[in-house]
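Have the sequence and the 3D view ready.

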Amino acid sequence: MEFLTGAVQKEDLGIAEILAGDYEGKDIKVKGAIHTIRDMGEVAFIVLRRRDGLIQCVYEPGKSQFSVDDLKEADTVEVCGTYKSDDRSPNGFELRLDTITILSEPAEPMPLQINKWKLNTSLEAKLNNRAVALRNPRERATFRIQEGITRGFRDFLYNNGFTEIHTPKLGAKSAEGGANLFKLEYFHRPAILQQSPQFYKQMMVGVFDRVFETAPVFRAEKHNTKRHLNEYTSLDFEMGYIDGFEDIMEMETGFLQYTMELLKTSYAKELELLKIELPDVTSIPRVRFDEAKQRVAEKYNRQFRNPFDLEPEEEILIGQYFKEEYGSDFVFVTHYPSKKRPFYAMDDPADETYTLSFDLLFRGLEITTGGQRIHDYNKLMEKIAKRGMETEGMESYLSAFKHGMPPHGGLGIGLERLTMQLIGEDNVREATLFPRDLSRLEP
């Protein structure tokens, strides 16, 4: 009988471990995939790709105990070689190879030249061959940055007393309403894919006071734009015992400050690789919805027809305005009209045609929607009745309010949009691991 006692430290070293040790002139073992082979005649350079970067290995006919002709790109291998410092090599060192063991071989040639510094191919080709395209170090760096954003969200909220929850994505009723729902049959009953965890996270405020979730949401919108997806990852939080919706904006500002610092310290390699300049989030301006419209109309001599929402071009100009006037890449736009906000949004007591809600624009694109919610059961029922809505399918949600709920509010952040704006891309699919849109269900 044998027993497992935990993770076992292997001989295979990572780049950080190698750089932290004293290996000059010593033999070490490393595993990785052959990223590229450059045969120079007398020597050959074999570059290995690992999760943590590239390692340059040198093949020398007199020293290396194998033939470079036996190797090909995309072989996964274990190499043993002598460490030698070299400032010209990736990460400042190279391995003079002694032996190499082939662990697996590709069955076909690569469909894309992933060993190029930048993939010179169309977005469509990259998405069709996503699992291969992401082996390019620059392509995969985007999703390391995205990991950093999610990590920052989780860490910051844990540190501020939030509890992580996991809510169902199949439901009987949507929190957002409208026609943009994916409908399906659930054991001979109608069901939908959730557009938001809104109902559940509000219910859980009555349990944990502060909750958050990172999970997919689904929108059956027939948009075919560079900013829309039909499935995306939403970073949601909801918090109770707030004094006003300003508390929600302040919490998001804190998250952004924490995350930018985390990216700066723990993801410096990826920031350098993608040439990303992090935005200043020391402070973020806020402006009322109607005032934002007026300022943009006056400065840029543009009039927009929609009085209840911001058009995409309007968002761009608001972002441009606050960058030019205040040097800020972010701006909170508050007090959206009640007509365009969900029934659970709290109306402004001073003027009930507006709500205590907001969007956060980042470089002219909405990345967050949030605000204060109605917490009083009777007021919630009044607004539902005023809108002529049915309560069927919302009984469990409404039950939580019958039994008392604290003043609360929250938000949802589009992870892919935030990533896209941060890395400076213009298509949200570049920042989506496996996009789902009008035409794409694979890979």
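What follows covers the salt bridges and then the nonpolar cores.

Keep in mind that this is a predicted model, where local features need pLDDT of at least 70, side-chain atom pairs count only at pLDDT 80 or more, and totals for chains, interfaces and linings use all residues. Residues are numbered from 1 along each chain as its sequence is written, and side-chain values use heavy atoms, with hydrogens and water left out.

**Salt bridges**

A salt bridge here means a side-chain nitrogen of Lys or Arg within 4 Å of a carboxyl oxygen of Asp or Glu. By that rule, the count is 34 salt bridges. Here are some of them:

| Pair | Closest N to O |
|---|---|
| Arg96 and Glu60 | 3.2 Å |
| Glu238 and Arg373 | 2.7 Å |

Where do the partners sit? Helices (H or I, at least four residues) and strands (E, at least two) are DSSP runs, numbered from the N terminus. Arg96 belongs to strand 5 (residues 93–104), while Glu60 is in the loop between strand 3 (53–59) and strand 4 (76–85), 36 residues apart. Arg144 in helix 4 (residues 137–159) reaches Glu270 in helix 7 (residues 268–274), and these two are 126 residues apart. Glu238 lies in strand 11 (residues 231–240) and Arg373 in the loop between strand 17 (365–372) and helix 10 (377–386), 135 residues apart.

Are these side chains buried or exposed? Buried means under 20% relative accessible area, exposed over 50%, and partly exposed in between (1.4 Å probe, protein chains only). Arg96 is partly exposed at 24%, and Arg144 is partly exposed too, at 30%. Glu270, at 11%, counts as buried.

**Nonpolar cores**

A nonpolar core is a set of buried Ala, Val, Leu, Ile, Met, Phe, Trp, Tyr and Cys residues joined through side-chain atoms within 4.5 Å. The largest one has 58 residues, and Ile145, Phe237 and Leu380 have the most contacts inside it. Helix 6 (residues 246–266) supplies the largest share of this core, 8 residues.

Which residues does Leu380 touch? Leaving out residues up to four places away in sequence, Leu380 touches Phe343, Tyr344, Ile374, Tyr397, Leu398 and Phe401, where contact means heavy atoms within 4.5 Å. There is also a second, separate core of 22 residues, with Ile15, Cys57, Val79 and Leu95 among them.
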